[in-house]
Amino acid sequence: MSLITIQQLHKSYRVGKQQQAVLTGIDLQLHQGEMTALIGPSGSGKSTLLNICGLIDQPDSGEMWWQDQPMDFSSTAKLTELRRRRIGFVFQSFNLIPVMSAADNVAYPLWLRGDSRAAIKRAVQTVLEEVEVAEFADQLPDALSGGQRQRVAIARALVKKPQLLVADEPTASLDEETALVVAALMKKLGREYGCALVIATHDDRLKPWCDCIYQLHQGVLQGGAA
Amino acid sequence: MKWLYLAWKNLGRNRRRTLATLLLTAVAVLGIMALSGFALYTYESLKEASMRKEGQVILSHPDYFQREENTPMELGLGRVQQLQQELQADPGIDTTLAQINFDGLVSNGEKSTIFMGQGVQPESFQRQGPGVDLKQGRWLTPELSSQAVPEVLLGQRLAASLKVQPGDGLTLLGTTTKGVLNALDVSVRGIISTGIPELDARLLKVHLQSAQELLATDQVSQLGVYLQNPHQDKNYDQKIRDQYPELGVTPWQERATFYQSVRNLYNRIFGVMGVILLVMVAFAIFNTASMSVMERTRELGTLAALGTRRREILGLFIQEALLIGLLGSLLGLIMAAGLSLGLYWVDVQMPPPPGQTDGYPLYIYWSPWMAGITSLAVVLFAVLAAGLATLKGINKPIVEALNHV
């Protein structure tokens, strides 16, 4: 059974006085344990589709199901709760909170969820070890390298064991070697944590790690299993 | 607690801006505390002077303070000695002092001028404290000898007008209760000043018995009751009113028109200035919060994407403002306490108020009650300002916030 099912999804933006279609009739399924890549040039709509999957943007029309439940994009509170509990995000520029240490950044989603202090400490330690930055737990993000920051961001996304991990250009700010390590890590942990992983990228280096690759071109989705 | 911790961390992002906002808040609190402290000191001084001037409760003829007398002592108070004995038997009452208010002419043989007389019991000079200043000579003797020439104290300008010194003789001319002119030879015992030139040009104080002799009466105008605990016994006037329903019983507040007027005036002036200072704090914090929201727009998008509720983000910014408000208030209160203490050590004199000749020392009261009210108002204004500044930021769509540059 798929985690997310999208059917005939449309999205457009107003540019000046004109309405510009970004996504037209998108059909997509995301499965738990699978890594799905959305590939396409800048402006192709991959980030928009990713944002809709991550429930931070909403479509103009079309249907979306979370497991077998239809999504109601009008309920901000429900969307927030789903993001809080079931979705992890990895951003291109890491988006760590600069005043919090690496450990506190990772702890934040559990903080929000209201976990106990002991449980948070355990979970943070485990996930930081898994992404191999445990020794930097007390460092502020500014003191870390790009690769280390992205590992902390992955740890923050995975610490709550999300059902869906959304990553927008996760390797774009990294050098080749680090990018491959981060991709492998995401693939490995995504499988271990059993979450559906969807990545928007134009980085061909990620293709070998993906189970499904979709090409977005002028708002139309093409492709499927790799 | 976790939000407060994060708010505390966020204050360190732009330390210079936080410090500037904190200092502005502290200076505003200092300003409010200094203004209110000065007003409270003035109120307390005037209240004390008003309570001492005529007594905390004043007994008189029921109409004495309501209408003008047609003849002297028409609205006088009789059986004074009996009243004084009865009242002084009350353990809550410290003492009673009788007074006659009258007017007439005073002459040095060459020149005559109008005076405004007070027949007093000499103990009143101790009771009234620093309200009247002895410039030359001595106070009236406690006991008046039947053989001696009656003595008077003259206002400074009245003495200057009559060109007399202590020891010189004068003649008082007054009207008796039956409308007959009467004269009394007196000797100048001392020259006094109230600090109000207009009053000093007319004021004459004489022994109560001498005034009664001039007016040919055994009555008095008013009887001042001085309480053992004037600040605690708030409703003693009612007790005395119940005891003497046939008399006019007036609490000091009703006679203290100057005190009430100053209080009303200062409350308005300093109230408006206080509100202006609070608005300045609100603007400063609004500015700080607005800049902070703008700089952290992308972070707000991240927090929202991670599932942070809008009210939690709003709460975070409000707690940052709360911390600035609390810390600024604390700093301002400490500065105000320092200023208040400093003024006790360093003698700073205020210039004489309009219509007066003497200045007075500047003191600022540090009132815990005022400190609480000021801190509460500052925190409230800070929270409201931060809330308003943040609302726009948190209502931005998440994607737009994440793409903010």
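Of the 226 residues in chain A, 48% count as buried. Keep that in mind as you work through these exercises on a predicted model.

**Exercise 1. How does the radius of gyration of chain A sit against the globule rule?**

Step 1: Get the parts list. Chain A has six helices and ten strands.

Step 2: Look at the radius of gyration. For chain A the value is 17 Å, close to the 17 Å that the globule rule gives for 226 residues, so chain A is as compact as a globular protein of that length.

Step 3: Check the box. Along the principal axes, the C-alpha atoms of chain A fill roughly 50 × 40 × 40 Å.

Step 4: See how contacts run along the sequence. Take the contacts in chain A between residues at least 6 apart: 72% of these join residues at least 24 apart.

**Exercise 2. Now do it for chain B: what is its radius of gyration, and what does the globule rule give?**

Step 1: Parts first again. You'll find 14 helices and twelve strands in chain B.

Step 2: The radius of gyration of chain B is 31 Å, while the globule rule gives 22 Å for 405 residues; the value is well over the rule, so chain B is more spread out than a compact globule.

Step 3: The C-alpha trace of chain B spans about 100 × 45 × 35 Å along its principal axes.

Step 4: Bring in burial and contacts. In chain B, 39% of the 405 residues are buried. Of its contacts with a separation of 6 or more, 81% come from residues 24 or more positions apart.

**Exercise 3. Which domains does the assignment give for chain B?**

Step 1: Domain 1 of chain B covers 2-48 + 259-402, and domain 2 covers 62-246.

Step 2: Find the spacing. The centres of these two domains of chain B, taken over C-alpha atoms, are 51 Å apart.

Step 3: Look at where they touch. Domain 1 of chain B puts four residues into the contact, and domain 2 of chain B puts in four residues. On the domain 1 side there are no nonpolar residues, three polar ones and one charged one.

**Exercise 4. How many residues of chain A are in contact with chain B, and which helix of chain A gives the most?**

Step 1: Count both sides. The contact involves 15 residues of chain A and 15 residues of chain B.

Step 2: Find the helices. In chain A, helix H2 (76-86) and helix H3 (102-113) each supply at least two residues of the side touching chain B. H3(A) gives the most, with four residues.

Step 3: Sort by type. The chain A side divides into nine nonpolar, three polar and three charged residues.

**Exercise 5. Are A:Lys161 and B:Met73 buried or partly exposed?**

Step 1: Start with the backbone. Most residues other than glycine have a negative phi. A:Lys161 has a positive phi near 50 degrees, and B:Met73 has a positive phi of about 60 degrees.

Step 2: A:Lys161 lies in the loop between helix H5 (146-158) and strand S7 (164-168) of chain A. B:Met73 is in the loop between strand S1 (57-60) and helix H3 (80-88) of chain B.

Step 3: Count neighbours. Buried takes 20 or more other C-beta atoms within 10 Å. A:Lys161 has 15 inside 10 Å, so A:Lys161 counts as partly exposed. B:Met73 has 25 other C-beta atoms within 10 Å, so B:Met73 is buried.

Conventions
Residues numbered from 1 in each chain as written. Chains lettered and ligands numbered in written order. Predicted model: local features only at pLDDT ≥ 70, side-chain atom pairs only at ≥ 80, totals over all residues. Contact = placed C-beta atoms within 7 Å. Nonpolar A, V, L, I, M, F, W, Y, C, P; charged D, E, K, R; others polar. Buried ≥ 20, exposed ≤ 12 C-beta atoms within 10 Å, placed from the backbone. Rg over C-alpha atoms; globule rule 2.2 N^0.38 Å. Domains from an automatic or database assignment.
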